[in-house]
Amino acid sequence: MKRLVLPVMLMFIALVFSACGKGKGDLLTERIQYDVMINSPEQDLGWWVQNLEAAKREKLVKVIMNSAKSGDHKLFDVITNKQLTPEEIKDRGTRNEIMTLQRPNPPYESYDTLVTRELQLSDISKVRFLEEWYLNEESGMITKKVIAICPMVESYTESGELRGHLPLYWISLVKKFPLEVK
């Protein structure tokens with residue numbers, strides 16, 4: 001009987017360790033970054049293509065922006081990876097736009113005025129993710145761990161053409177950010 005106990009225990013331990021390895025899998029990449037449209041301007045596409053349903057999009061953006069404002073997560077500049085101060089974060093939440101208006105009375109001259117606009121949740125149409133990816137070779141499953149999220153707003157030229165998307169800041173979801181690439 002004693003001779004059976006040791007082999008059974010060793011098999012049990014081997015089974016536990018092999019089962020533990022079937023979770024995430026092997027590290028595929030320490031970091032991968034990509035953008036996801038959450039509000040597509042393309043009207044001809046199905047509602048789900050490059051888009052989230054309005055209520056779910058609003059909920060996601062609210063959670064992202066509330067986590068940025070709460071102070072629970074550190075925020076970093078997208079270019080320099082420098083941690084941002086509360087003042088710098090607030091500045092990124094406002095936009096100054098120069099608008100050309102026309103006077104209502106003759107001679108109806110045009111004039112420029114500076115308008116300060118607070119960031120609205122609806123302004124965020126794209127989200128950038130920074131993730132770790134794991135590959136489980138047995139199941140073919142890819143598991144992703146989100147490291148940081150970056151809300152993005154549309155940026156326009158003076159003539160109103162879409163220039164691209166402007167990243168606001170990284171919201172770090174891990175203690176050690178930015179990650180060093182090995």
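Predicted model: local features only at pLDDT ≥ 70, side-chain atom pairs only at ≥ 80, totals over all residues.
1. Of the 182 residues in the chain, 25% are buried.

2. Next, look at the overall layout. The chain has three helices and eight strands.

3. Now for the empty spaces. Rolling a probe the size of a water molecule over the atoms shows where empty space is left. The largest pocket holds about 460 Å³ of space. It is lined by 15 residues, and the closest to its centre are Arg-95, Glu-97, Ser-155, Tyr-156 and Thr-157.

4. Which element gives the most to the lining of the largest pocket? That is β3, with five residues. Strands β3 (94-102), β6 (141-156) and β7 (162-167) each supply at least two residues. By type, the lining of this pocket has six charged, five polar and four nonpolar residues.

5. The second largest pocket has about 260 Å³ of space. Its lining counts 13 residues, with Lys-69, Ile-89, Lys-90, Gly-93 and Tyr-169 nearest the centre. Here the elements that give two or more residues are the helices α2 (54-70) and α3 (86-92), and α2 gives the most, with three. The lining of this second pocket divides into six nonpolar, four polar and three charged residues.

6. A few spots in the backbone deserve a look. The peptide bond from Pro-106 to Pro-107 is cis, with omega near 10°. Pro-107 sits in the loop between β3 and β4 (110-118). Tyr-108 is found in the loop between β3 and β4 too, and has a positive phi of about 55° although it is not a glycine. With a relative accessible area of 44%, Tyr-108 is partly exposed.

7. Asn-81 also has a positive phi, near 65°, and is a residue other than glycine. You can find Asn-81 in the loop between β2 (75-76) and α3. Its relative accessibility is 29%, so Asn-81 counts as partly exposed.

8. Finally, the charged pairs. Side chains of opposite charge can pair when their charged atoms come close. How many salt bridges does the structure hold? There are six. In one of them, Lys-126 pairs with Asp-35, and the closest N and O atoms are 4.0 Å apart. Lys-126 belongs to strand β5 (residues 124-136) and Asp-35 to strand β1 (residues 26-37), so this pair ties together parts that are 91 residues apart in sequence.

9. Is Lys-126 buried or exposed? The cut-off for buried is under 20% relative accessible area, and Lys-126 has 17%, so it counts as buried. Asp-35, Lys-126 and Arg-128 are linked in a network of salt bridges.

10. Glu-88 pairs with Lys-82, with the closest N and O atoms 3.0 Å apart; Glu-88 is partly exposed at 27%, and Lys-82 is partly exposed at 44%. Glu-109 pairs with Arg-103 at 3.8 Å between the closest N and O atoms. Glu-109 is partly exposed at 45%, as is Arg-103 at 39%.

Terms used: Residues numbered from 1 in each chain as written. Heavy atoms only, no water. 1 Å grid on protein atoms, 1.4 Å probe; cavity = no way out; pocket = protein on both sides within 12 Å on 5 of 7 lines; lining within 4 Å. Points joined across faces, edges and corners; volume = space filled by probe spheres on them. Helix = DSSP H or I, 4+ residues; strand = E, 2+ residues; numbered from the N terminus. Nonpolar A, V, L, I, M, F, W, Y, C, P; charged D, E, K, R; others polar. Buried < 20%, exposed > 50% of the residue type's maximum accessible area, 1.4 Å probe, protein only. Salt bridge = Lys/Arg side-chain N within 4 Å of Asp/Glu carboxyl O.
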